[in-house]
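Let's take a look around inside this protein and then stop by one of its sheets. Have the sequence and the 3D view at hand.

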Amino acid sequence: MGARKKPLLLILLIFSDFFVSEILAEGVTKEEAKQLRDEVREMFYHAFDGYMKHAFPRDELKPLSCGGEDTLGGYALTLIDSLDTLALLGDREQFTTSVEWIGKNIRFDINKTVSIFETTIRILGGLLSAHLIASDYNTGMRIPSYDDELLHLAEDLARRMLPAFDTPTGIPFGSVNLMHGVDENESKITSTAGGGTLTLEFGVLSRLTNDPIFEQVTKNAVRGLWARRSRINLVGAHIDVFSGEWTQKDAGIGTSIDSFYEYLLKAYLLFGDEEYLFIFQEAYRAAMVYLYNDPWYVEVNMNSAALVWPLFNSLQAFWPGLQVLAGDIEPAIRTHAAFFSVWKRYGFTPEGFNLATFNVQQGQKSYPLRPELIESTYWLYKATRNPSYLDAGRDMLASLQYAARCTCGYCHISDVEFHQQEDHMESFFLAETVKYLWLLFDLAAGPDNLVENGPYKYIFSTEGHLIPTTPQISLASENCSYLGAYCRSGKLVQETYSSDIVNDFRGTNYSFSGTAATNFFSSPAFHKSPSSGLIKGFCPGLTHGQRYGISYIDSVDNNDAESARTTNVDDEAQNSPVFVNHSSDSQPSDSVENPDNSNYHELMENQRVPQLKIETRETVDEERPRDN
């Protein structure tokens with residue numbers, strides 16, 4: 001149908017100003033948390049056993065017809081993706097059997113063209129995580145007969161992907177043939193996430209094999225992308241790996257870009273490489289200035305910051321969890337509340353929710369069992385211990401059980417408005433969705449797993465794979481002064497509170513800076529503060545380009561450049577909770593005294609979606625087709 005263009009000077013209902021009553025969370029008791037944890041465990045085995053009985057060794061399960069299909073490479077994708085979840089659940093027998101079968105039967109010298117991104121995060125990450133668990137007595141899951149078979153497979157697979165990095169920019173092709181390398185007709189266009197979400201897996205492999213090539217090529221890819229950022233430190237969605245020209249200049253935190261931001265911070269947390277932190281600080285600040293429209297995030301032109309797409313897409317839902325890792329709790333809480341209100345409206349988050357019409361975006365009505373909102377719920381509960389997140393987890397579990405459960409597993413939802421089931425179950429359902437749900441309730445019940453009680457702290461890959469911060473892998477220096485991005489010198493006043501999130505990474509005795517994590521909104525109503533958030537006192541010194549010699553490569557179109565020059569950056573910054581703090585008198589925003597005074601739960605119960613204020617210099621075609 002023809003879309004009607006209209007100016008997007010929309011109403012803003014900053015929802016927290018309208019819901020001020022002091023409704024307590026329903027509350028999940030410790031005993032109920034145990035029951036919910038057991039229910040999630042049963043959910044895992046309903047799907048895993050269905051896969052093993054009806055689909056194995058094919059890649060993925062067709063849960064309605066109880067069959068299998070090869071969707072990636074035909075090498076038991078779901079089993080490999082599920083290995084560390086089996087270990088997390090303490091299933092020594094199935095974990096051992098699965099590792100031994102994979103070591104004996106899986107080979108990658110096959111004539112298959114595969115996605116670099118998906119193969120890295122699902123297969124390479126799954127193999128490495130399982131290897132690190134199976135080879136270490138300290139995990140409690142050591143396999144006596146194990147002889148590094150998974151590590152050898154991982155190295156072989158990564159070497160077969162190396163030809164994809166042979167480009168003028170260092171940014172890899174999107175696909176590679178595992179036997180013949182890059183096809184001569186392979187597309188030169190790849191996504192930012194596809195080129196920038198490889199550092200953890202390849203970096204870990206370099207440390208385990210003592211071969212730096214894997215880490216070098218993926219770091220060069222990140223540099224290649226960042227060197228081509230815009231003057232306002234935004235990156236686009238798709239790029240030509242030969243010319244370095246952006247083929248899609250929409251900047252956002254969701255589709256095609258999302259995990260680029262995620263791996264910048266996590267690569268720093270895991271490896272201690274400050275270059276990743278420099279890039280993350282600059283990229284994050286730009287995202288909060290130009291993409292953040294409290295509590296939502298929009299897509300803008302990477303050069304001019306002009307709005308091009310007012311859409312919440314489900315991949316954005318990882319962002320609050322990433323903000324927890326960065327220490328930026330306040331906006332994470334507000335954004336999670338907005339995202340979860342969409343879930344409450346439909347029972348799931350659709351792939352696209354139009355912020356102009358406040359309806360499901362045409363053509364993006366599905367829910368393919370994505371984990372991102374559950375992931376952020378886990379991290380926010382871990383940071384705040386606010387019981388509302390357990391209520392949210394219980395609601396999400398109920399939705400999955402009621403509408404997605406089917407004969408042999410769990411089905412995609414093809415239409416969130418009518419809860420129509422589709423005969424497909426992605427491997428990440430077992431690698432991530434179920435894992436984060438189980439961790440959420442296990443944490444509330446009194447955790448007893450290798451993540452919370454094991455000998456190491458873990459970084460979760462973008463596929464949810466567990467990467468331990470062992471000395472062999474995490475060579476970071478101690479006494480880091482950057483987590484939370486506060487300077488340790490100067491007169492910047494800050495409140496601190498202890499958080500086990502920060503203690504999970506980068507050594508010991510860290511604390512978040514800013515408002516208390518146990519708080520939701522100031523009472524009686526939340527008041528937006530220009531200094532809310534954690535990454536607001538950027539440490540002075542050289543920029544990333546000055547320090548590392550990687551400045552942007554100017555490829556701004558004339559029209560975009562003119563628009564960028566006329567953009568008032570100061571005005572934009574006033575609408576963002578993240579800014580460069582030049583004043584020594586700046587104070588962190590006030591915090592509330594009682595988390596039970598939160599209006600969060602009332603918002604959820606009313607299933608009301610906070611509206612978006614969008615001020616733009618152009619109109620938007622709401623039905624514009626997307627290039628994913």
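A cavity here is a set of grid points where a 1.4 Å probe fits but cannot get out, and its volume is the space filled by probe spheres set on those points. Keep in mind that this is a predicted model.

With that in hand, a search of the whole structure turns up eight cavities of 30 Å³ or more. The largest cavity holds about 70 Å³ of space.

Who sits around it? The lining of the largest cavity is made up of Gly-125, Leu-128, Ser-129, Leu-132, Leu-200, Glu-201, Val-204, Ser-461, His-465, Leu-466 and Ile-467. Sorted by class, that lining has six nonpolar, four polar and one charged residues. Helix 4 gives the largest share of the lining, four residues. The table shows the elements that each supply at least two lining residues of the largest cavity.

| Element | Residue range |
|---|---|
| Helix 4 | residues 116-134 |
| Helix 7 | residues 199-209 |
| Strand 20 | residues 466-468 |

Three strands form an open sheet in the order 6-7-8, with antiparallel pairing. Its edges are strand 6 (189-191) and strand 8 (246-248), each of which pairs on one side only. On average, neighbouring strands of this sheet are turned by 35° against each other, ignoring direction.

How many bridges join strand 6 to strand 7? Strand 6 and strand 7 (residues 238-240) run antiparallel and are joined by three bridges. Ser-191, for instance, has His-238 in strand 7 as its bridge partner.

Conventions: Residues are numbered from 1 along each chain as its sequence is written. This is a predicted model: local features need pLDDT of at least 70, side-chain atom pairs count only at pLDDT 80 or more; totals for chains, interfaces and linings use all residues. Side-chain values use heavy atoms; hydrogens and water are left out. On a 1 Å grid over the protein atoms alone, a cavity is a set of points where a 1.4 Å probe fits but cannot get out, and a pocket is an open set with protein on both sides within 12 Å along at least five of seven lines; lining residues have an atom within 4 Å of a point. Ala, Val, Leu, Ile, Met, Phe, Trp, Tyr, Cys and Pro count as nonpolar, Asp, Glu, Lys and Arg as charged, and the others, Gly among them, as polar. Two strands pair if DSSP finds at least two bridges between them. Axes are lines fitted to C-alpha atoms, for helices over the stretch in contact, and angles run from 0 to 180 degrees between N-to-C directions.
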